[in-house]
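Me: Hi! I've got a model open and would like to talk through it with you. Could you take a look?

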Amino acid sequence: GMTGTAMSSKNEFQSTYGLDVISVAPNKRVKRTDFQPRMYFSKRNKLEAMLEEVRFCQLTGRPVLIGTHSIDECGAISELLTADGIDHNLLNAANDLEEDRIIHESGLLGSVTVATDVAGRGTDIILEAGLDRQITNNYIRLIGHLLDDGVGVVTVQCPTNEAADILLSAVSASDLGYGVVTTNKKHGTEVVLRARDVSTHGRVTHMDFGLGLFVIGAEASDNARVDRQLMGRSGRQGAFGTSQFFLSAEDFLLKDAGPASPAWAGTEIDSSGRVFLEGAPLNRHLEKLRKNAEKNAESRRAKIEEYTRVFEAQSFAYYRSRMDILGMENFEPFLDDLVAAKAAQLLQTYFPGLLVDDYARQFADLSEEIYLDYNVSASSLHGVDLNLIEGGIAGLLNERLDKTRERFTSSEFNE
């Protein structure tokens, strides 16, 4: 089989199934940019930050896919978008009949889709033809309006040099006459556009430039493969795209981890004044939490696999014996052997090697099993010589079988 997220579990595939995991290069170069996750200190701030990102994407026409972990969470985010007047689709297990239509619309200009982990797997979200050109033109119009309305400087952060080239080409083609300065940054290129009126240069606005589908993760999963599957919905087949996870200290994965570590002291403030954490310390913390969770999950899967193999072996043995019995012309000799074997087993279980450690306890345990399994009292065997008790057990079992035989004719019993 093929999957885009198996490399992190290659050891488990090998140890459990004896299968190797091989990495195959993508058909086209991946242009998706995966931003570092942000962690806000309250769920409310996290949702507000997500909503702010969606609002901005609505201005530029960029399609958005919000990934959630449950139908309830999907519904809660849907209510938030509805309250803000943002049209959107819900893609979850509750409306799978509309899945084809919703997936098709997810790649259209200005679309917003909220989906659960299990919805739409294995299907590419096809972007509308000319989508990036329309998004870029919307950026140019937005920047032009800002500069004309008194904003002196617009700083645009482009995730890649290739994206910056597209923006600069559109700026040049628009012939707006604004001053343009580009600066290479650690992550991409910063494009600065200045208004003609120098007196307004004190007013500065920042924005991010993005093309293709924007995937927003509403919560980090305890399984990194699930998050990578969500990230992989964007940037398919060499298309542009970005992904980012918005977390809160109240999320399932983080809420039991205790207060923020002193090593996370480098908090940042977003454009609306909300405090968040971002960077290597948070990434390491998430990686640690995921490793612990995945280790526990791997152990559970191994146990389930072990139990499954035992169950399959027992089922195979049972059905093989059943077929052997059904194929017998005369059932009586087999039944006699079965009774003798069971009597020997019971004696060996409770009086191994005919040794007595605590006769009362041993006999009580033997009697209990015989009664529970066959509804037969073994009290008549109490005190019987251990050399004779095996025959006594066989006699009790045969008496129980004789009572069963009485309910059938001889031919019926053998059938």
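Reply: Happy to! One cut-off to start with: a residue is called exposed when its relative accessible area is over 50%, and buried when that value is under 20%. Ser15, at 58% relative accessibility, therefore counts as exposed. Keep in mind that this is a predicted model.

Me: Good to know. Where does Ser15 sit?
Reply: Ser15 is part of helix H1, which covers residues 10-17.

Me: Let's zoom out. How many helices and strands does the protein chain have?
Reply: There are 13 helices and 13 strands. The radius of gyration is 35 Å, well over the 22 Å that the globule rule gives for 415 residues, so the chain is more spread out than a compact globule. Along the principal axes, the C-alpha atoms fill a box of roughly 115 × 50 × 40 Å.

Me: And what share of the residues is buried?
Reply: Of the 415 residues, 38% count as buried. The chain exposes about 23900 Å², with carbon and sulfur atoms supplying 52% of that area.

Me: Which residues does Lys46 touch, leaving out its neighbours within four places in sequence?
Reply: Its contacts are Tyr40, Ala218, Glu219, Phe246, Leu247, Ser248 and Asp251. The Lys46 side chain also reaches the backbone oxygen of Ala218 at 2.7 Å.

Me: Is Lys46 buried or exposed?
Reply: Lys46 counts as buried, because its relative accessibility is 1%. It belongs to helix H2, residues 43-60.

Me: On to charges. How many salt bridges are there?
Reply: The count comes to 19 salt bridges. One of them joins the side chains of Lys31 and Glu162, at 3.3 Å from N to O. Lys31 is in strand S1 (residues 31-34) and Glu162 in helix H6 (residues 161-174), so this pair ties together parts that are 131 residues apart in sequence.

Me: Why would side chains like that pair up?
Reply: In general, side chains of opposite charge can pair when their charged atoms come close.

Me: What does Arg38 pair with?
Reply: Arg38 forms a salt bridge with Glu278, and their closest N and O atoms are 3.5 Å apart. This pair links distant parts of the chain, 240 residues apart: Arg38 is in strand S2 (residues 38-40), while Glu278 is in the loop between strand S13 (275-277) and helix H9 (280-326). Arg38 counts as buried at 18% relative accessibility, whereas Glu278 is partly exposed at 22%.

Me: Which residues are linked in a network of salt bridges?
Reply: That network links Arg44, Glu48, Glu52, Asp270 and Arg274.

Me: Nice. Which residues form a nonpolar patch on the surface?
Reply: Phe41, Ile269 and Val275 do, with about 270 Å² of accessible area together. Ile269 lies in strand S12 (residues 268-269) and counts as exposed at 61% relative accessibility.

Me: Last topic, backbone angles. What is phi for Leu354?
Reply: Phi is near 60° there, a positive value in a residue other than glycine. Leu354 is in the loop between helix H10 (332-350) and helix H11 (359-374). Asn375 is not a glycine either, and its phi is positive at about 55°. You'll find Asn375 in the loop between H11 and helix H12 (386-405), and it is exposed, with a relative accessible area of 52%.

Conventions: Residues numbered from 1 in each chain as written. Predicted model: local features only at pLDDT ≥ 70, side-chain atom pairs only at ≥ 80, totals over all residues. Heavy atoms only, no water. Helix = DSSP H or I, 4+ residues; strand = E, 2+ residues; numbered from the N terminus. Buried < 20%, exposed > 50% of the residue type's maximum accessible area, 1.4 Å probe, protein only. Polar contact = N/O pair within 3.5 Å; in protein donor to acceptor, adjacent residues only side chain to side chain. Contact = heavy atoms within 4.5 Å. Patch = residues over 30% accessible without salt bridge, like charges linked within 9 Å, V, L, I, M, F, W, Y side chains within 5 Å. Areas by Shrake-Rupley, 256 points an atom, 1.4 Å probe, with all protein chains shown as cover. Salt bridge = Lys/Arg side-chain N within 4 Å of Asp/Glu carboxyl O. Rg over C-alpha atoms; globule rule 2.2 N^0.38 Å.
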